[in-house]
Every structure is written in C-alpha cells, then in structure tokens.
Amino acid sequence: MADASTIDGSTAFEVIDEPAPPSVARQLGLGFWLSSAFVVLVVALALLAPILPIADPDQTAIGGRLEGPRPGLWFGADSTGRDVLSLTIWGSRISLLVGFIAIVIGFSIGGTVGIAAGYFRGLFDKVVSFIFVTLLSFPALILAILITTLLGRTVLWVSVSLGVLAIAPVGRLARAQTLVFAEREFVTAARILGASDRRILVKELLPNVVIPMSALALLGMGIAIVAEGTLAFLAISVEDGFSWGRQIQDAGSSVRDLEEGPHAALFPIGVLFLTVLSLNYAGDRIRDVFDAKELQL
Amino acid sequence: MKFVAGRLVQMVLVVLSVTLLAFAALNFLGDPLFNILGPIADEASGPEFDEVRAQARADFNLDEPFLVRYGLWLGDMAQGDFGRSFANGTTVSSEISRQLPVTIQLMIYAQLLSVLISVPWALWSASRANRFVDKASTVVSFGMLGIPVFALAVVVFWLFAVRFDIFPTRFDDETIRTRLVSMFLPAMVLAVPLIATYQRLLRTDLISTLQEDFISVARAKGLPRWRVLVRHALRPSLFSMLTVFGIQTGALIGGSLIVESYFAVPGIGAGVVEAIIRDDFPVVLAVVVVVTVIFVIVNFLVDLLYSFLDPRVQFDG
C-alpha cells in the first residue's frame with residue numbers, strides 16, 4: 001500500500017533525451033490559445049461596442065423586469081428592463097481601459113526605475129528599494145482608496161491610483177531580472193567593447209527583461225481589472241462611469257432582485273471571471289514556457 | 001539579534017514614511033481644509049460653519065508649517081487621538097475601537113477556515129501527486145485564485161442565503177452563535193483565495209519534503225501513511241505558507257472592505273467605505289494609518305517567527 005511510487009510520482013526532474021524542443025506555439029498549449037482568443041474577443045467587443053447591433057445600454061424596458069435570457073435577449077434583462085448583454089459589453093470598456101492604463105503606468109515607471117536601480121546599484125538602488133518596500137507596506141486597496149478619494153474619481157485618476165499599486169511589484173521584478181542579467185557575459189562583453197550605459201540598458205538588458213515582464217503584464221492586467229471592479233463595487237470608482245463592478249453591484253445588492261432574477265448579476269460575473277482567468281492562465285503559460293527555456297540555456 | 005534590530009529599524013522607517021505619505025496626500029492634493037471638511041469648507045456660510053472651520057484648522061494645525069503639522073499630528077496619533085469626524089462629530093478613536101474588534105474576529109475566522117481546509121487538502125493532493133485527483137485539485141485552486149472577491153460574495157450570497165436559505169441574509173449580532181453563523185459566509189468568501197494560495201504552496205513544499213531520506217526511513221519503519229504525512233512531512237513544509245501569511249493579511253484587509261460592506265458586517269472596512277462615500281477624510285486617514293501600521297507589524301512578527309523557526313534566515317538578512 002505504502003509503496004514509493006505514491007510519493008515519487010513526479011517526473012519533473014527526470015532527464016529525458018528529447019529529439020527537438022517543440023515550437024513555442026506548441027509549448028504554450030491549447031489552453032493558452034483559447035484564453036488568448038477569449039481575451040481578444042472581449043477586447044474586440046469592447047472596442048466595437050458603438051457599432052455592434054446591440055441595444056442602447058441605457059434604454060430601459062427592453063425586456064420585462066428581470067426577464068430571463070431568451071433568443072434576442074441572450075443575457076436577459078435587469079431590474080429596469082435594460083439589456084444585460086449590452087450592459088456587459090459597454091461595461092467592459094471602462095474595466096479594460098482602466099486596467100490597460102494602470103498597467104502602462106505601472107510598467108513604464110516601475111520598469112524603468114527597477115531596471116535602472118538593478119543596473120546602477122549604489123545609493124539610488126537603496127532609495128528605490130526602500131520606496132518599493134514602503135509602497136508594498138500599504139494594503140493595496142487602501143492605497144488606491146487614499147489616492148482616488150483625494151484626486152477625484154475620473155478614469156484617469158482611478159487608473160493612476162491602480163498604476164501606482166503596480167509600480168512596486170513590477171519594479172521589484174525588473175530590478176531582480178536586471179541584477180541577474182547584468183552579471184552575464186554578454187553584458188560584460190558589451191561593456192569591454194566600449195558600449196555606453198544607455199546602449200547596454202536598451203540593447204542588451206531591456207530585451208531580456210521584457211519577456212518575463214510580459215507575463216507579469218497579463219497577470220497585472222487581470223489584477224487591475226479586478227481592482228477597478230472592486231472600487232466600482234464599493235461605489236468609489238469612476239464617478240459616473242458604468243463598469244462590470246458597478247453592474248454586478250447594481251444587480252447583486254438587493255435580496256429581492258437576486259431572488260427574482262440572479263442572471264442579471266451572474267452573467268457579468270461569469271464574463272469577468274472568464275476574462276480574469278484567461279489573463280491569469282495566459283500569463284502563467286508564458287512564464288512557465290519562458291522559465292523552462294531559461295533553464296535550457 | 002542584528003537581524004531583529006535591522007528589521008525593527010526598517011519597520012519604524014516604513015511606518016514613518018507611510019504616515020508621512022498619507023498626511024502629505026491630505027495636505028498637498030488639493031486644499032487641506034476642503035479635504036478635511038468636505039463641501040462645508042467653502043460652500044456653506046454662517047457663524048456655525050466658521051466655528052467648524054476654525055476647529056478644523058486648529059485640529060490639524062493648518063497654520064503651522066507642514067513638518068510641524070505632521071509632527072503634532074503624529075504625536076496625537078501615537079497617543080490614540082485620531083481626531084474627530086466632522087461629518088457626525090464623533091471621535092474617530094471611539095469608532096475604530098468599536099469596529100476594529102469585529103474586523104479582527106472576521107479575519108481570524110477567515111484564517112482559521114482557510115488553514116482548516118487548505119492543510120488537509122494539500123496533504124491529500126501531495127500524497128497523490130500528479131494523479132488525477134491532484135491534477136483536478138490544481139485546476140480547482142487555480143480557479144479559486146482567479147475569482148474576484150466581490151463577485152464571489154455575490155455568488156455565495158445568492159446561492160446560500162437567497163436561493164437556498166441556509167444562512168441569514170442579514171447580519172445578526174444577538175448571541176455568539178448567531179454572530180458566528182452570520183459571519184460564516186463573509187469569512188468563507190475571504191478564505192477562498194487564501195485556501196487556494198495555501199494549498200498550492202503547501203502542496204509544492206510537501207512534495208519536495210516527501211522526497212527526503214527521513215521520510216523513506218519513516219516509511220521503512222512501517223508507519224502508516226497518514227502518520228508519515230502529518231507527523232513527519234507537515235512541519236518542515238510549513239515555511240512558505242507562513243511567509244505568505246503576513247502578505248495575505250493585506251489581501252484580507254482589502255477583502256474585508258468588500259465583504260463587510262456587502263454583508264453589512266459592522267467592521268472597520270464597512271466603516272471606511274461609508275466614510276469615503278461621505279467624503280469624511282479624517283476618518284479615512286485614521287483608518288489608513290491604523291490599518292497600515294497593523295499590517296506592517298503583522299509582517300514584522302511573521303518575519304521574526306520565520307527567522308525563529310528557520311535560523312538560516314538571519315544570515316541571509
């Protein structure tokens with residue numbers, strides 16, 4: 001009963017003579033491509049919302065109060081008879097936009113500062129690392145709330161506050177990656193050849209740091225979308241914007257509405273969940289495949 | 001000892017910079033008087049509002065230079081004087097002392113649930129590593145990590161309180177029993193991402209521990225499988241789980257804002273959300289500082305405990 005194979009089932013460390021490594025596309029696997037396709041679909045629907053043949057999201061009484069899904073009204077209607085599918089598509093615009101801007105801010109600031117700190121070291125590195133520790137010491141949501149409360153609840157400031165949250169984790173990864181690569185032979189070689197710091201940073205280090213960071217970008221995008229949803233759910237996100245969080249809060253806050261028609265809350269929840277899950281999964285796959293390649297070097 | 005002292009200095013520095021940052025935000029992002037009072041600051045006129053304004057100026061020492069102001073405010077905070085809410089006139093410290101215990105109970109409840117569920121789950125899947133049940137549970141925990149807390153709250157509330165009438169739809173504080181029952185869903189919602197995190201970490205560590213020689217010895221002695229798992233493999237595998245325990249407290253704080261507001265649990269999270277909505281900045285500021293300091297201290301204690309359990313940590317700094 002208690003034989004060794006029950007413990008030792010893992011084959012992760014076995015050395016196998018592989019003929020040729022499969023292509024990157026194959027290595028990423030079907031799940032990765034399905035996830036990516038779903039994300040692309042969601043983004044495309046969000047971008048095309050104004051020209052799609054869907055109902056006006058503000059138009060009430062398209063269906064009956066909390067009418068269930070039926071052909072033509074695929075996600076049913078909410079408590080004022082608005083089309084839930086149309087609300088979900090229009091709601092994705094703010095969710096995705098805020099997530100995207102936040103990641104751009106987080107990566108451009110965190111990435112630049114992190115790479116510079118890892119490359120130049122010294123006092124600059126110490127100061128930057130301390131700032132990262134301080135930023136990470138705030139419970140994330142609390143910091144976002146502090147910033148949005150003071151600066152105002154517009155798309156820009158909500159994105160900025162979520163972007164600030166991304167700076168420290170992104171910066172730490174960028175710094176750690178740079179530390180690893182800055183010691184490698186090709187960097188020393190470039191330096192001996194007389195390359196300037198700028199050239200080494202841009203031509204030698206950046207391409208190596210960007211790939212693992214892209215995995216983080218996908219994960220971060222998911223986190224930012226959830227964070228915006230959370231703020232919207234608490235009614236402290238973009239003031240008159242309608243996003244998934246607000247939609248879920250609208251439909252999910254009254255016991256009576258949930259009793260009569262849970263679909264108005266469950267459909268946007270399902271779409272949000274699948275989007276975040278797809279981003280997480282795609283990010284995870286890129287990281288796994290990339291890490292494995294690193295080991296082969 | 002050097003490690004402890006270093007961490008202690010770092011903790012004090014972090015607390016100082018966190019408070020400085022929060023206080024600077026209040027003072028420099030917009031007009032401080034407006035930030036403190038909200039719309040009363042300039043819209044309303046009349047002698048009674050002049051008095052409120054004078055009071056606010058005095059409370060926050062607005063006539064002093066910034067650093068003096070910060071020092072005085074920090075001194076007040078350290079003595080437990082968190083100022084007062086200008087929206088309803090109560091002192092912030094009385095609000096916090098009423099709400100904080102509820103939140104702490106909720107967090108302990110969530111942590112207990114997650115440890116009680118994740119540890120047996122990890123033991124079970126690690127002992128069947130890479131078999132079907134293990135692979136299936138990896139998929140499940142990946143999904144659990146991806147569910148946004150607020151979405152989960154709605155689904156769980158709908159399923160267990162509305163669709164099937166298992167738990168009450170209102171928070172009931174009458175007896176300890178009703179309190180535990182009505183806190184179960186909020187605590188469970190908070191616990192779900194924790195369960196997944198702990199299960200994944202503990203499973204990975206257990207699988208590598210199970211490769212060790214002392215496990216083979218224990219097996220060779222003919223000990224039953226559960227005994228080997230629980231008595232020999234579990235303890236040396238707990239370190240990663242412990243490290244994230246502190247980090248997870250931050251996630252719990254964020255999560256408590258959501259579940260307390262949604263399930264109407266009268267804790268500090270629901271309180272701060274209300275304060276934000278009515279633009280009551282002194283309350284928001286005080287909660288930010290209190291919660292952040294607690295978070296920093298918890299992480300400090302976890303680090304200490306960690307270095308105590310694994311002496312090698314000291315040499316790595």
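Chain B of this predicted model contains 14 helices and zero strands, where helices (H or I, at least four residues) and strands (E, at least two) are DSSP runs numbered from the N terminus. Its pattern along the sequence reads α-α-α-α-α-α-α-α-α-α-α-α-α-α. The C-alpha trace of chain B spans about 85 × 55 × 30 Å along its principal axes. Of its 317 residues, 39% count as buried; a residue is buried if 20 or more other C-beta atoms lie within 10 Å of its own, exposed if 12 or fewer, and partly exposed in between, with C-beta atoms placed from the backbone. Two residues are in contact if their C-beta atoms, placed from the backbone, lie within 7 Å. Among contacts in chain B between residues at least 6 apart in sequence, 69% join residues at least 24 apart.

In chain A, Phe38(A) lies in helix 1 (residues 24-48). Phe38(A) counts as partly exposed because it has 18 C-beta neighbours inside 10 Å. Beyond its neighbours within four places in sequence, Phe38(A) contacts Leu274(A) and Ser278(A). A separation of 9.2 Å is found between the C-alpha atoms of Phe38(A) and Leu279(A), which are 241 residues apart along the chain.

Confidence is expressed as pLDDT, assigned by the predictor to each residue from 0 to 100. Chain A has a mean pLDDT of 82, with 91% of its residues at 70 or more. Over residues 1-12 of chain A, pLDDT stays under 50. Where pLDDT is low, the predicted coordinates should not be read in detail.

Residues are numbered from 1 along each chain as its sequence is written, and chains are lettered from A and ligands numbered from 1 in the order in which they are written. Local features need pLDDT of at least 70 and side-chain atom pairs count only at pLDDT 80 or more, whereas totals for chains, interfaces and linings use all residues.
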